[in-house]
Amino acid sequence: MPATLLQDPENIDYSDIENKYKVKHDEGFDNVLVLDGVPVIGKDKLDKLLTKICKEFSKKGITVRPDDIHVPWDDSTGKSKGFLFMELRTVDEANLALGALQNHPFDAKHTFKLNRFTDIEKYANLDETYVEPEAEEFVPKEHLRAWLADPQGRDQYVTYRGEEVLIHWHGKPSQYEIAHKPNWTNFLYVAWSPLGTYSATLHRQGVRIWGGPSWSQQQRFAHPFVKLIDFSPCENYLVTWSNEPIVVPDNALQGPQYFSPDDEGNNVAIWDIKSGHLLRTFSTNNEGETPGQKKQMQWPILKWSPDDKFIARTTPGQMISVYELPSMGLHGKKSLKIEGVVDFEWCPLGEKDKEVTERDAKGGIKTTKARENMLVYWTPEVANQPARVTLLGFPSRTILRQKNLFNVTECKIYWQNQGDFLCVKVDRHTKTKKSVFCNLEIFRMREKDFPVEVIELKDTVTDFSWEPKGDRFAIVSSSDPNLGNPGPGITIKTDVSFYQLDHSKNDFRLLRTLSGRTSNAIRWSPRGRHVVLATVGSSTKSELEFWDLDFNSDDANRKETQASKDDWGSGIQLLGTADHYGVTDVEWDPSGRYLATSASAWTHTLENGYAIWDFRGQELMKQIQDRFKQFIWRPRPPTLLTKEQQKKIRKNLREFSRTFDEEDAAEESNVSAELIALRKRLVDEWNAWRALRKRELADERGHKSDRRSPSSEDKEEIEVWMDEVIEQIEEIVE
């Protein structure tokens, strides 16, 4: 037997095998963090504190056990020192904790501050010799509202066809051009933010928002399978909704901009647009609903206050929960308990209210008090309690006005965009519940005690719309028996009525009723006065009617107190009619001068495309495009001009218009000169061609005459017609 096999096992060298399979331990302290901002406690509360800290870290997807935490103690007082040491499993988890929990509010008085343990030695041995830093090259950021500085003052709109998105400039026919052709792919649809700063696209992975002259990506929100989005009025926040509940995989990214395990099962998320951080998630599945029960969801499910300070949601039949922004904490730590509550709406912020708010923010002289946020909600009849509409001040939670209603089937809430008026459309039934009629409960919000006026209507009201910045409204009503269940090819007959506030009597009066229409949609111009009545979504009718409600008046803002009874409503004039087959969407541009109609392939596939009209109903452009899906005007933010500057412009409008007239004349002369030059060139080309053909013809005739022989003289043929009498008979008739 060889000697090598008989040697002592203790003398065998295993170093090569040990080095190969040696487990390398993390010997550094990069995974150790110092957590400051912790409450100072006694030892009796230590377990409770550690449990709560571990829970806060687990919400961000970071696993920490109480055994991994070391708490220093002050022996003189027997209490903790307000900071502690944490040992995490890996350096990656330590990095994640630094990003996710830095400045995290632990409670009302304490905020987490995190540092690496190694930073203590690093900063203790820091060289204090001043070294001048290198100056970084300034890189200017794009202005997100640069499009408003267009020299020609044009508006923009976006079109979505097939897989192609185009952003267009809109102006005079000579000013039409494509502003940008983005390479956005694999998205659901396009949406503008309320002030036009951002454009959003919905993808399978989440939402992306774009902006600036180069249309670069400004932010992204990781909400898989997102279907609906809703911007806040001031563009600070975004709500996303998906029909699929949130699922967080084990290896998912963690951080303030991602979902955590605590968000699983929810499907609504609120985000901060500027930082991209997730603020909170909710579920749209109400308690008590069976999983298989299908119920139509209201959208938006979360409703913003007009100043972006609050967001609220209803738990149907139970309460309204209002959350403060950006903390997303429940206001007052309790909801508004309202038995039977069905729906609510916030009161819009008018231009007057915004001026007062801005003045108060600048510390100006307070002449009037800023109006508190308000919301209105309604509750149905419960037992012996009547249905009720309630106006509530917030955050004071003061009930400002209540109105009892009887025999109520349904209520819908319509605010005027300046918050001057509120209309609650009440569908009521008779005691036998065999027939339904309608009441309009109109609240005058700028008057003391919010007086209410009731307009009773016999027919069913299918559409209601306030005039922007005005005191008029329009309704579409119908008594057609097919209204409840319209079939294919059936056209519902409707009446359109206009009402206006009579300042002499301080009530709303009927201006005019247009009978025998098929219109089912009312679209007011953003500046008021002009309105379009449209038949939308019908397979047989697609009419558009363009109306002017102040046709006989030079001043559209005149008060009817100066009008006599004879001319009440006489200023309503039909400017023009049009037709767009299969129209599905009707939208005014921000200036109120142009109207766009579109037929979307999402609804039908017949003659899809869009058309643009002026306010008189004259067609300016029409595009028939297969697979056309969307047309949306880009919104404009409020003007930066003061009231005095606007008055000055109106006063000197003739001087300003002279400049534009000169530009139009110059453009027209340029067009005329170009047209004359084109015609002259065409005439010269024709004359040259004609002269060439004449020369060719003359040369050809000359060659023919040379080829003729002398004997081949031209002979003239004469044809003679001769009459010949064959037989003649005479007869005498008696």
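**The second largest pocket and its setting**

Author: The second largest pocket holds about 1200 Å³ of space. The model is a predicted one, in which local features need pLDDT of at least 70 and side-chain atom pairs count only at pLDDT 80 or more, while totals for chains, interfaces and linings use all residues. Residues are numbered from 1 along each chain as its sequence is written, and side-chain values use heavy atoms, with hydrogens and water left out.

Grid points are joined across faces, edges and corners, and the volume is the space filled by probe spheres set on the points.

The lining of the second largest pocket comprises 33 residues, and K60, H104, P105, L279 and S327 lie nearest its centre. At least two lining residues come from each of α2, α3 and β17 (278-282). Of the elements, β17 gives the most to this lining, with 4 residues. Helices (H or I, at least four residues) and strands (E, at least two) are DSSP runs, numbered from the N terminus.

Two of these elements, α2 and α3, lead on to the largest nonpolar core. This core has 25 residues, and L35, I53, F57, I62, I69, L84 and M86 have the most contacts inside it. Two or more of its residues come from each of β1 (32-36), α2 (46-59), β5 (83-87) and α3 (91-101). The greatest share is that of α2, which gives 6 residues. Such a core is a set of buried Ala, Val, Leu, Ile, Met, Phe, Trp, Tyr and Cys residues joined through side-chain atoms within 4.5 Å. Buried means under 20% relative accessible area, exposed over 50%, and partly exposed in between (1.4 Å probe, protein chains only).

Leaving aside its neighbours within four places in sequence, I62 is in contact (heavy atoms within 4.5 Å) with F57, L88, E93, L96, A97 and L101. Another core lies apart from this one, with 19 residues, among them Y198, V207, V248 and L278.

Two lysines sit over aromatic rings: the charged end of K43 is 5.4 Å from the centre of the ring of W73, and K52 lies over the face of F106, at 4.2 Å from the ring centre. The criterion is that NZ of Lys or CZ of Arg is within 6 Å of the ring centre and within 35 degrees of the ring normal.

The loops may be taken next. L325 and P326 are joined by a cis peptide bond, with omega about 5°, and P326 is found in the loop between β20 (319-324) and β21 (336-337). A cis peptide bond also joins F394 and P395, with omega about 20°; P395 is in the loop between β24 (387-394) and β25 (398-405).

As for the chain as a whole, its secondary structure comes to 7 helices and 42 strands. Of its 734 residues, 40% are buried. Among contacts with a separation of 6 or more, 50% are between residues 24 or more positions apart.

A search of the whole structure finds 34 aromatic pairs. Rings of Phe, Tyr and Trp (its six-membered ring) pair if their centres lie within 6.5 Å; planes under 30 degrees apart count as stacked, over 60 as edge-to-face and the rest as tilted. Y157 and F631 form a stacked pair, at 4.6 Å centre to centre and with 25° between the planes. Y157 lies in strand β7 (residues 155-161) and F631 in strand β42 (residues 628-633), so this pair ties together parts that are 474 residues apart in sequence. Y157 is buried, at 2% relative accessibility, and F631 is buried too, at 8%. The rings of W466 and F473 have centres 5.3 Å apart and planes at 70°, so this pair is edge-to-face. W466 and F473 also belong to a cluster linked by ring pairs, which includes Y414, F421, F464, Y499 and F508.

Definitions and conventions. On a 1 Å grid over the protein atoms alone, a cavity is a set of points where a 1.4 Å probe fits but cannot get out, and a pocket is an open set with protein on both sides within 12 Å along at least five of seven lines; lining residues have an atom within 4 Å of a point.
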